[in-house]
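Trainee: Please take me through one side chain in detail. Then place it in the wider surroundings.

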Amino acid sequence: AEAVVAADNFNEPSAPGPMPLRPATQHGVDAGAGAAAAMAADVLPPAAVRKKPSLSKLHYSYVMQRYITRPLLLEKCKFDVRCYMLIASTSPFVVMYHHGYVRRCTVPYSEDAPDRSAHLTNQAVQRRCADYEDVKEDTVWSMDQLQWWLEKNWTHPTEGTSVPLDWVTNKLTKRMQEIMKFCFASVKTKLPASNCFFELLGFDFLIDETLKVWLLEVNTNPALHTNCDVLKDLMPRVV
């Protein structure tokens, strides 16, 4: 699912098209395994429900997001970047960052692909694929692997330029940190003051075909699985 927040314009209006939907719960938005893409009209209550007074009191709660239809693809597959924020204290504020890793789909992407494994990078979705055990190492890349792939394969779709050296470190990482700081600043006054506060957050970012960075979502209690070699190396250092 894609978000409404662009790296260089937090108020960019949404364009028409499919809208990823996430069930809203009392704790926020449900995990990625519950996400689905739909048109805006699809979220209205069914006609049968609207006509029955006994069912008319049901509340339909969703978070609707703009869908980015032209993402950057790795080997024809969609991906996003998961990185981490640790709030270690709120009095004074102590906030830490970790660069994280790349999450990649196993199914080639197309906007109208019916298989959600082509759209959602979550391991909860990807491991349901029949050949997951054979390809699971390809579902998680390091940030160094991403930089290497970009240097070998990416050119701007209209300008024909190549990716700058160390783009991941000098551009992507810094932009993600800027967005994360923006998000933290928007909620920090609502956090209880404590010098022993502890909250680990998982931030997910999409990169489109022009290398524009989009914030997808912020996850509480992010998964810390180590089912791939990249994660076995990364997660102990995150924790």
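**A close look at one side chain**

Mentor: Arginine 104 is buried yet forms no salt bridge; the nearest side chain of opposite charge is aspartate 138, 4.8 Å away. Buried means under 20% relative accessible area, exposed over 50%, and partly exposed in between (1.4 Å probe, protein chains only). A salt bridge needs a side-chain nitrogen of Lys or Arg within 4 Å of a carboxyl oxygen of Asp or Glu. For charge, Lys and Arg count as positive, Asp and Glu as negative; His and the chain ends are not counted.

This is a predicted model: local features need pLDDT of at least 70, side-chain atom pairs count only at pLDDT 80 or more, and totals for chains, interfaces and linings use all residues. Residues are numbered from 1 along each chain as its sequence is written, and side-chain values use heavy atoms, with hydrogens and water left out.

Back to the arginine. Its side chain reaches the backbone oxygen of aspartate 138 at 3.2 Å. Arginine 104 sits in strand S8. Strands (E, at least two residues) and helices (H or I, at least four) are DSSP runs, numbered from the N terminus. Beyond four places in sequence, arginine 104 is in contact (heavy atoms within 4.5 Å) with residues including Leu74, Glu75, Phe79, Asp138 and Trp141.

Now turn to leucine 146. With neighbours within four places set aside, its contacts include Leu74, Phe79, Trp141, Val168, Leu172 and Ile207. Leu146 is one of the residues that touch the most other members of the largest nonpolar core, which has 31 residues. Such a core is a set of buried Ala, Val, Leu, Ile, Met, Phe, Trp, Tyr and Cys residues joined through side-chain atoms within 4.5 Å. Strand S7 (77–90), helices H4 (143–153) and H5 (167–187), and strands S10 (199–207) and S11 (213–220) each give two or more residues to this core. H5 gives the most, with eight. Apart from this core lies another, of 12 residues, among them Tyr84, Val140, Val230 and Leu234. In soluble globular proteins, nonpolar side chains tend to be buried together.

The loops hold some backbone details. A cis peptide bond joins serine 91 and proline 92, with omega about 5°. Proline 92 lies in the loop between S7 and strand S8 (93–104). Aspartate 166, in the loop between H4 and H5, has phi near 60°, a positive value in a residue other than glycine. Aspartate 166 is partly exposed, at 44% relative accessible area. Leucine 211 also has a positive phi, about 70°, although not a glycine. Leucine 211 lies in the loop between S10 and S11 and is buried, at 12%.

How values were computed: A polar contact is a pair of N or O atoms within 3.5 Å; within protein, one must be able to donate a hydrogen and the other to accept it, and residues adjacent in sequence count only if both atoms are side-chain atoms.
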